[in-house]
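Trainee: I would like to learn how to read a model of this kind. Could we go through it feature by feature?

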Amino acid sequence: MRELIDADRLPGQPSCTPERLAAARRGLVPPAGWAVPARPQISVLASAGNRPQGVIAYLSWVDVHTGLICWLYAHEEPSALRVLIGHALAELAPCPLIEAFVGGPPGPLGPGGLPRARRGATHDALLCSGFTGRRQGCYLYCALSAEFAPAKPVADVVPCDFPPGQRLIVREAAEPVAEAVVSVGPDGTATVYWIETLPTHRHRGLGHKLLGQALALLAEQGATEVALVVDDPPHPVHDSQAAPRLFDSFGFTSVDELWTYQCRRP
């Protein structure tokens, strides 16, 4: 099963170890106050020789009658993909709304959405099964040199439990005005979960200084690859190229578009 998952791994995405797969099977552990979904169900499609040909994970929120296809891998074999999606739809039959590849940070089981170009067969299989899709953002990647120049610290660094990692906070007059959350795994892959500056403090170089400090911190901790997801804004913004310019200045390149999907039933 891990071989199926790793076959579609993107640059900078951590490999699927037995420990990470076991954690995924236990389900999410959200912060206090969040709705807790049922434990994910994992189904494996096997050949006549009992060799795995595909795997799909799905779950449902009973209180809101919503289903979710979390991840799906089958070496981009159309027939296997259709069988697995059909199985999940049958299992989630009581749900009037089923989502697939809903956005999240890059992890060992997926990059936070479906890579539209690299996973074209999965995209087509979802559409043929009644899903509609839309672009939600882009997956960016950067190879991080061990000699990455340390940035002049502008942020306080504190541990972060969810997502697990470290939070960098820039304060003015004791008030947070910019923040980033990052994490590095034992295999040298790192994730920038988010970076944000208050609108009142933008265009002052804070984002550049903050990202520089975050990447220097990751390099010090042994990271050699960094991935992040840039979500498309829900509404047009004044300077839509600010984030791309920031990430481009540090050597991030776009790997693929990320898509998410919905299937509504009468």
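Mentor: Start with burial. This is a predicted model, and of the 266 residues of the chain, 44% count as buried.

Trainee: How many helices and strands are in the chain?

Mentor: The chain has six helices and 12 strands. Contacts along the sequence are the next thing to look at. Among contacts between residues at least 6 apart in sequence, 67% join residues at least 24 apart.

Trainee: How many residues of α5 are buried?

Mentor: The cut-off for buried is under 20% relative accessible area. In α5, 12 of the 15 residues are buried, so the helix is largely enclosed by the rest of the structure. Among them are Leu206, Leu210, Gln213, Leu217 and Ala219.

Trainee: Which elements do the buried residues of α5 pack against?

Mentor: The buried residues of α5 pack against strands β7 (156-160), β8 (165-172), β9 (175-184), β10 (189-197) and β11 (225-231), and against helix α6 (242-249). After the helix comes Gly222, whose phi is positive, near 100 degrees.

Trainee: How should I describe two packed helices?

Mentor: Two packed helices are described by the angle between their axes and the distance between the axes. For α5 and α6, the angle is about 40 degrees and the axes are 10 Å apart. That angle makes α5 oblique to α6. The crossing of α5 past α6 is right-handed. Gly207, His208 and Leu211 of α5 make the contact with Leu246, Phe247 and Ser249 of α6. By class, this contact has three nonpolar, three polar and no charged residues.

Trainee: At what angle do α3 and α4 cross?

Mentor: The axes of α3 and helix α4 (residues 120-128) cross at roughly 45 degrees and come within 9 Å. The two helices are therefore oblique to each other, and their crossing is right-handed. The contact is made by Leu81, Arg82 and Ile85 of α3 and by Ala121, Thr122, Ala125 and Leu126 of α4. Its residues divide into five nonpolar, one polar and one charged.

Trainee: Where does Pro78 lie?

Mentor: Pro78 lies in helix α3, which covers residues 78-91. With a relative accessible area of 36%, Pro78 is partly exposed. Pro78 and Thr122 are 44 residues apart along the chain, while their C-alpha atoms are separated by 7.2 Å.

Trainee: Is Phe101 buried or exposed?

Mentor: Phe101 counts as buried, at 6% relative accessibility.

Trainee: What about Ala174: where is it found?

Mentor: Ala174 is in the loop between β8 and β9. Its phi is positive, about 70 degrees, although Ala174 is not a glycine. At 62% relative accessibility, Ala174 counts as exposed.

Key. Residues are numbered from 1 along each chain as its sequence is written. This is a predicted model: local features need pLDDT of at least 70, side-chain atom pairs count only at pLDDT 80 or more; totals for chains, interfaces and linings use all residues. Side-chain values use heavy atoms; hydrogens and water are left out. Buried means under 20% relative accessible area, exposed over 50%, partly exposed in between (1.4 Å probe, protein chains only). Helices (H or I, at least four residues) and strands (E, at least two) are DSSP runs, numbered from the N terminus. Contact means heavy atoms within 4.5 Å. Axes are lines fitted to C-alpha atoms, for helices over the stretch in contact, and angles run from 0 to 180 degrees between N-to-C directions. Angles under 35 degrees count as roughly parallel, over 145 as roughly antiparallel, 65 to 115 as roughly perpendicular and the rest as oblique. A crossing is left-handed if the near helix is turned anticlockwise from the far one by less than a right angle, and right-handed if clockwise. Ala, Val, Leu, Ile, Met, Phe, Trp, Tyr, Cys and Pro count as nonpolar, Asp, Glu, Lys and Arg as charged, and the others, Gly among them, as polar.
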